[in-house]
Amino acid sequence: MKHFLRFLILATVACQVSCDSSDDGKALDYGKAYFPTRVGAYLVYDVTETTYTLSQPSTQNYQLKIAIIDKFLSTDGDSTFVIHRSKRNTDIDAWSYIDTWSVRSNSREVVTDEENIAYVKLKFPVANNSTWDGNVYNTLGEDEYEMSDVKTAQTFNEKTFNDCITVIQNDNQDYIVYLDQRKEVYAAQVGLVYKETTQLKYCTQDNCLGQQQVESGIIYKQTISTYGVE
C-alpha cells in the first residue's frame with residue numbers, strides 16, 4: 001500500500017509538471033499566431049501618410065503590400081523570413097518594389113528588421129500589461145512597449161477580427177514640444193491589421209510655444225485591406 005501511495009504521488013507530480021509544460025507550450029504557440037509566418041503569405045494595406053515640414057503638410061494615399069517570399073535558418077537555429085514590401089497608388093496600378101525587411105520568431109519573441117534596425121514587436125506569452133524594450137536589439141535607446149486589449153474583437157475596413165491584441169509603443173501626450181504616439185494591432189492567424197504613428201515636433205519659440213504649431217513630423221495610418229497566400 002505504501003508503495004502504491006508513493007507511486008500515486010510521483011505520478012501526480014509528473015502529471016502536473018507535464019501538464020504545466022504543455023499549457024506553456026500552447027500559450028507560446030497561441031501567442032505566435034498573432035504574427036504568423038509562412039512563405040507565400042501576403043497582406044495588403046490602405047495607407048494614409050501626412051508629412052509635415054516648414055511648408056504646408058503633404059498627404060499621400062496608397063496601398064502597401066507585405067509578402068513573405070523566402071526563409072532561411074539563422075545561426076541560432078531559428079527561422080528568418082524574408083519580406084518584400086511594395087506599393088501602388090490604386091487597385092489597378094502595378095506593384096512597385098520598395099525594399100526588403102525580415103522577421104524572425106521563437107518561443108520568446110518576434111523581431112523584425114526594418115531598414116537594418118531590429119525591433120521586438122511581440123513578447124510571449126501574450127498578456128495584458130506585459131512590457132518590454134522594443135529597442136533592446138538596436139542602439140536607439142530604450143523604448144518600452146506595452147501589450148493591452150488581449151483577445152478583443154476589433155474592426156478595420158469593415159472587417160471584424162475576433163481575437164486581437166494591441167501593442168502601445170508610445171503614448172507620451174506631449175502637445176507642447178514633441179508628440180509621440182504609436183500603436184500596432186495584431187489579429188490571430190492574420191498578423192498586423194492596423195498601425196498608427198503620430199510623431200509631431202511643435203514650435204517652441206516664444207511667439208508660438210504651446211500653440212501646437214507643427215514644425216515637422218508625420219501622421220501615418222496603415223489599415224488592413226486584404227490578405228491571403230499566393
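Guide: Patches are made of residues with over 30% relative accessible area and no salt bridge, where like charges are joined within 9 Å and nonpolar side chains (Val, Leu, Ile, Met, Phe, Trp, Tyr) within 5 Å. A salt bridge is a side-chain nitrogen of Lys or Arg within 4 Å of a carboxyl oxygen of Asp or Glu. This model is predicted: local features need pLDDT of at least 70, side-chain atom pairs pLDDT 80 or more, while totals for chains, interfaces and linings use all residues. Residues are numbered from 1 along each chain as its sequence is written, and side-chain values use heavy atoms, without hydrogens and water.

Visitor: Which residues form a nonpolar patch on the surface?

Guide: I176, V177, Y178 and L209 do, with about 330 Å² of accessible area together (Shrake-Rupley method, 1.4 Å probe; for residues, only the protein chains shown count as cover).

Visitor: Why does V177 count as partly exposed?

Guide: Buried means under 20% relative accessible area, exposed over 50%, and partly exposed in between (1.4 Å probe, protein chains only). V177 has 42% relative accessibility, so it counts as partly exposed.

Visitor: What makes N116 exposed?

Guide: N116 counts as exposed because its relative accessibility is 79%, against the cut-off of over 50%. N116 is not a glycine, yet its phi is positive, about 65°.

Visitor: Why does Q189 count as exposed?

Guide: Its relative accessibility is 61%, so Q189 counts as exposed. Q189, also a residue other than glycine, has a positive phi near 70°.

Visitor: What joins F124 and P125?

Guide: A cis peptide bond, with omega about -5°, joins F124 and P125.
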